[in-house]
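Okay, thanks for coming, everyone.

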Amino acid sequence: MAVPAGLPPGMAVRLFASFRRLSRLVGVRCRATIAAMNRLLCAVLPCLLLAAPAAAQVHGRIYPAPKAPLDLAGLPSAATLDTVLAADGLSLRGIEIPPRDGKPTLLVFHGNGSSAKRSVQWFAPLLEEGYGIVAAEYREYSGNPGKASEAGLAADADAFYGRALALAGTGRLIVIGHSLGGAVALGLATRRHLDALVTIGAFTRLRAMAPKLLRAAVPDEYDNEAAIAKIDEPFFLIQGTADDTVPWQQGEQLARVADAAHKPGAAFVIRDAGHAPDGAVLAIILRAIVARLDGADGVAGATLPEAVRLMPFGG
């Protein structure tokens, strides 16, 4: 039996021996059948050997983590690096700015290729008004230890949520998740009751973002449709119609799920906006959300730009 090219000899011996034991066990005696199975094994084994590198590539596509440690260069003078301890013992650094004058605090979970620093920059218009922020940073990202995964990011979210509660004090805490961070935020909402939840450019399920033939190789679920069915806090979904990363139809599907479940909240559809809508437009939407949470039901529609369409859910 020929050894497939590139196969470590020791591994080949062990695998072929196992194959022959299996052949005897199932009673394969026909030489033609054994030869056919040998050829199949020679074809499949190289693929199996590539499984570990392929898994690493898939991980890198889901979590293309920036490696440079967080810094405060160019951020508001009130910004500081914070440190939280995840339940599994990892010490993680993020960025925070305390709220002023009774303004809400934002807990922000960024997308898979972004960073906590970028979150602070994105929401600068609101921070200038006195909003506080806890910009969460994940394990494996920006110099943080550990390896990113769905379970790991859930632990990170819980840790940063605790820090955000302390920073917000008696003020309102609004949890915001962008793209992959939307899934992290929705997962948090299934474990904690939040004052409000906002997703931006969220997908339906992570595997829906992969080609059909590769979906089985995606290790994490991030099932946002299922999460929406479980949450009970005010939920607001923001989606751009020109999003070339997460198809806007996926945001539309999440809105349908929330509407059918009569969730309190609404969808904000931004015409011609991409995956990361302009921070100034987001600031207007978030002010409207805060006004709505404060009981000013008619304010949201009246203060939105013409390019933003408000669609309340059925709750």
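Let's start with helix 7, which gives five residues to the lining of the second largest pocket, the largest share. Before going on, some ground rules: this is a predicted model, where local features need pLDDT of at least 70 and side-chain atom pairs count only at pLDDT 80 or more, while totals for chains, interfaces and linings use all residues. Residues are numbered from 1 along each chain as its sequence is written, and side-chain values use heavy atoms, with hydrogens and water left out.

A word on terms. Helices (H or I, at least four residues) and strands (E, at least two) are DSSP runs, numbered from the N terminus. For pockets, picture a 1 Å grid over the protein atoms alone: a pocket is an open set of points where a 1.4 Å probe fits, with protein on both sides within 12 Å along at least five of seven lines, and lining residues have an atom within 4 Å of a point. Volume is the space filled by probe spheres set on those points, which are joined across faces, edges and corners.

So, how much space lies in that second largest pocket? About 220 Å³. It has 14 lining residues, and Glu150, Ala183, Gly187, Tyr222 and Asp223 are the closest to its centre. Besides helix 7 (180–191), helix 6 (150–168) and helix 8 (224–230) each supply at least two lining residues. By class, there are seven nonpolar, three polar and four charged residues. Here Ala, Val, Leu, Ile, Met, Phe, Trp, Tyr, Cys and Pro count as nonpolar, Asp, Glu, Lys and Arg as charged, and the others, Gly among them, as polar.

The largest pocket holds about 630 Å³. Of its 27 lining residues, Arg61, Ile62, Asn112, Leu206 and Met209 sit closest to the centre. Helix 3 (51–62) and helix 4 (116–122) are the elements giving two or more residues to that lining.

**Zooming out**

The chain has eleven helices and nine strands. Of its 315 residues, 46% are buried, meaning under 20% relative accessible area with a 1.4 Å probe, protein chains only. Take contacts (heavy atoms within 4.5 Å) with a separation of 6 or more: residues 24 or more positions apart account for 70% of them.

**Into the core**

Which residues touch the most other members of the largest nonpolar core? Leu107, Phe109, Leu197, Tyr222 and Phe235, out of 52 residues. By nonpolar core I mean a set of buried Ala, Val, Leu, Ile, Met, Phe, Trp, Tyr and Cys residues joined through side-chain atoms within 4.5 Å. Helix 6 brings the largest share of this core, nine residues. There's also a second, separate core of 36 residues, including Leu75, Tyr131, Ile200 and Leu304.

Back to Leu107: beyond its neighbours within four places in sequence, its contacts include Phe160, Tyr161 and Ala164. Val108 lies in strand 3 and counts as buried at 2% relative accessibility. Its C-alpha atom is 5.8 Å from that of Gly177, 69 residues along the chain.

Last stop, Asn224 in helix 8. Buried or exposed? Buried, with a relative accessible area of 1%. Leaving aside neighbours within four places, Asn224 is in contact with Ala183, Leu186, Ala202, Phe203, Thr204 and Leu254. And Ala183, remember, is one of the residues closest to the centre of the second largest pocket.

Notes
Buried means under 20% relative accessible area, exposed over 50%, partly exposed in between (1.4 Å probe, protein chains only).
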